[in-house]
Amino acid sequence: MSLPVVRQFKTALYAPPVQPDLADWHRRLHRMDSSGLTAITVSDHFLTGRQDPIPALAAIAAATERVRVMALVLANDYRHPVITHKAAATLDLIAQGRFDLGIGAGYLADEYHAAGMSFDPAPQRVERLEEAVAIITALFGGEPVQHRGVHYTVNGLTGTPAPVQRPHPPLVIGGGGQRMLTLAGRCADIVGVHSNLKRGTAYDAAVIEDMLPAAMTRKIAWARAGAERAGRDPDTLDYLSITWTCRVVERPADTDAALREVCERYGVDPAIGRRSTGLLVGTVEQCLEQLHTRRDEVGLNYVDFGAADFDAIAPLVEALHPAAAV
């Protein structure tokens, strides 16, 4: 199967946490907005997350003018799809068409347990997500929705408000297994391609090893096949890869030590860490070379820098988006 056509890079970074000094928080957001960064993201975690995504994204949208605001991602098990639709439609209005709706099945077992929620097997969580996505997209249609499924029932509800983006804000769906990536290819505008997290844990050697180039190529092939079976052109989709850790160093001589330190945290061999698309370590020039290889040979055109510090990666963002540099 052919790879996607070569596309311009897009970049995303997790939002700085909301803080009591809102003036400083706004200054940080303005710097991100004036960079070439494509999107500012907020995740949906009440155990490890630093802020709730809905009010945070609304505040970020109100404080910025250019950058997109992205839910990366809302956990379906935490929010009924009717509520997710209402929040997404409202956010798209506040952001004036700059909102990206990311939605996932939920995966952190410790978080479910901390909240007293049942952590069902992965197939059941994905089945709920598939049904939720169908409801959410139907609610954006402007007509009464009747749905009686395995997990949800909707009785003649018409989704409001109408979003700025039609037919709905771009959908971001991703995962590391065939079923999730097939769903993403069938429904999403941005396909998140990363580790298989069905075990309910993250931040270990397995998540790094599952993002080696051969595995990522296979994962993208699943998404592309899903798009083709749905009658969609897979070359029109963006393929996003999370960077679990991004470390930009000043000198080439510092790269090996930085890589060893990062890999030690995950318990993975540096030889694997150097090749994994889940890590990005090196000088700006070395990181650029890695990202170009991942785009041209694997098909990853959208880079999520995770929770990296903006000041640390700003030179890399500028190098990826030179025309947008201010």
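1. On a 1 Å grid over the protein atoms alone, a cavity is a set of points where a 1.4 Å probe fits but cannot get out, while a pocket is an open set with protein on both sides within 12 Å along at least five of seven lines; lining residues have an atom within 4 Å of a point. A volume is the space filled by probe spheres set on the points, which are joined across faces, edges and corners. This is a predicted model: local features need pLDDT of at least 70 and side-chain atom pairs count only at pLDDT 80 or more, whereas totals for chains, interfaces and linings use all residues. Residues are numbered from 1 along each chain as its sequence is written, and side-chain values use heavy atoms, with hydrogens and water left out.

2. The largest cavity has a volume of about 80 Å³. Among the residues lining this cavity are Phe9, Ile242, Arg294 and Tyr302. Strand E9, helix H11 and strand E12 (302–304) each give two or more residues to that lining; helices (H or I, at least four residues) and strands (E, at least two) are DSSP runs, numbered from the N terminus.

3. Do look at the largest pocket, with a volume of about 1,200 Å³. It is lined by 50 residues, and the closest to its centre are His45, Tyr107, Leu197, Ile242 and Trp244. The lining divides into 24 nonpolar, 19 polar and seven charged residues. Here Ala, Val, Leu, Ile, Met, Phe, Trp, Tyr, Cys and Pro count as nonpolar, Asp, Glu, Lys and Arg as charged, and the others, Gly among them, as polar.

4. The second largest pocket has a volume of about 210 Å³. Of its 14 lining residues, the closest to the centre are Pro16, Arg28, Ala308, Asp309 and Phe310. Helix H1 provides the largest share of this lining, three residues. By type, the lining has nine nonpolar, no polar and five charged residues.

5. Two of those residues lead us to helix H12. Asp309 caps the N-terminal end of H12, with a side-chain oxygen 3.2 Å from the backbone nitrogen of Asp311. Within H12 (residues 310–320), Phe310, Ile313, Ala314, Leu316, Val317 and Leu320 are buried; buried means under 20% relative accessible area, exposed over 50%, partly exposed in between (1.4 Å probe, protein chains only). The buried residues of H12 pack against several elements, including strand E1 (10–14) and helix H1 (22–33).

6. Which residues have the most contacts inside the largest nonpolar core? They are Phe99, Phe305 and Leu316, in a core of 83 residues. A nonpolar core is a set of buried Ala, Val, Leu, Ile, Met, Phe, Trp, Tyr and Cys residues joined through side-chain atoms within 4.5 Å.

7. Finally, please look at Tyr14, in strand E1. Its relative accessible area is 10%, so Tyr14 is buried. The side chains of Tyr14 and Ser43 are joined by a polar contact of 3.4 Å; such a contact is a pair of N or O atoms within 3.5 Å, and within protein one must be able to donate a hydrogen and the other to accept it, while residues adjacent in sequence count only if both atoms are side-chain atoms. Tyr14 and Asp304 are 290 residues apart in sequence and 8.3 Å apart in space, C-alpha to C-alpha.

Terms used. Contact = heavy atoms within 4.5 Å.
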